Amino acid sequence: MQTQILIKAEKGVIILEKNKYPNETLRILCERASLRNFSEKKISQDVLNDILQAGIQAPSGGNIQPFSIIKIENLETNNKLAKLCGGQNFIAKAPVNLLFCIDWHRFERWAELENAPFTATSSFRHFWISFQDTIISAQNICTAADSLGLGSVYVGTVLECFLELRDMFTLPKGVFPVVLLSLGYPQTNPPMKKKLDISAIVHDEKYSEMNDDKFLEILNEKYQGRQFEIKDNRLETIWNVCNDVHGEEFANLCIEKIKKNGFINAIQHYFGLHYRANILPERNEEFVRITKEFGFNWFKNFTSSNK
């Protein structure tokens, strides 16, 4: 059965006028939206256990399951989390927050008890797989929650407070926070956001480049309505970002294009104002140092103790 979705887009928000899905699972996946408006309804322990079990059953490389989930229901702790993660108040209002962590501590301890060799905390390969496994588990839980009438939202800003999270949740060496997921029942159903067309993301057999006109047409289809008003402070910020990253000539070209269009477009807003291109690459070395504090040496050559 072919899926048929009739779509109307208004200001970048997708509105489904009529839906036909082959099954309920596809409907849940296709209609999923991030929830930031939680009701006061509590999640029963039975429901929460069912959701968590879906995360435990997620695919895992070698069936090793190198992750742990910190379940947080304490109101005081959730309030602290909200402040730590950029003042996002929905975190405090969510009845349950789940912190997903890479966990090689469990296996290092096992190896010590059973006299087995262990280098996972020094292996980039193990980092790569364990990061994937952790996120796959989180997404299983996200989908399970949706299937039971709950909603959720991912919080990626845990990367701004790794050390504070370590102390707050007494994470031992070998356990590294990856992402937070806030769970709860919706007070109101969140609107779906329009996504890129399949043709923009799926490449047949090999990566292929479409021509510029078609490329911009597809992106503009997703981001139609995402036009931001020109204000002096915004222009100043964008100019400074462009100048820092690409130099004065490029900065002047960017401002010239904005004025010609009569608005700040989505890509200029993303990396000129929101995820600022001159700020986001900062602290790379600090992040590497922090991973070492957590007991990981993923980004340096391994030296055997026997050498």
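**Cysteines and a buried strand**

C161 is buried, with a relative accessible area of 1%, where buried stands for under 20% relative accessible area, exposed for over 50%, and partly exposed for what lies in between, as computed with a 1.4 Å probe on protein chains only. The model is a predicted one, in which local features need pLDDT of at least 70 and side-chain atom pairs count only at pLDDT 80 or more, while totals for chains, interfaces and linings use all residues. Residues are numbered from 1 along each chain as its sequence is written, and side-chain values use heavy atoms, with hydrogens and water left out.

The structure holds zero disulfides, a disulfide being a pair of cysteine sulfur atoms within 2.5 Å. C161 is accordingly in no disulfide, and the nearest cysteine sulfur, which belongs to C85, is 4.2 Å away. For C242, which is likewise buried at a relative accessible area of 9%, the closest cysteine sulfur is that of C254, and because the two sulfurs are 3.8 Å apart they are too far for a bond.

Burial also marks strand β6, residues 175-184, of which 10 of the 10 residues are buried, so that the strand is largely enclosed by the rest of the structure. Strands (E, at least two residues), like helices (H or I, at least four), are DSSP runs numbered from the N terminus, and two strands pair if DSSP finds at least two bridges between them. Strand β4, residues 96-103, pairs with β6 in the antiparallel sense over eight bridges, with D103 standing opposite V175 of β6. Strand β5, residues 151-155, also pairs with β6 in the antiparallel sense, over five bridges, and here V155 has L180 in β6 as its bridge partner.
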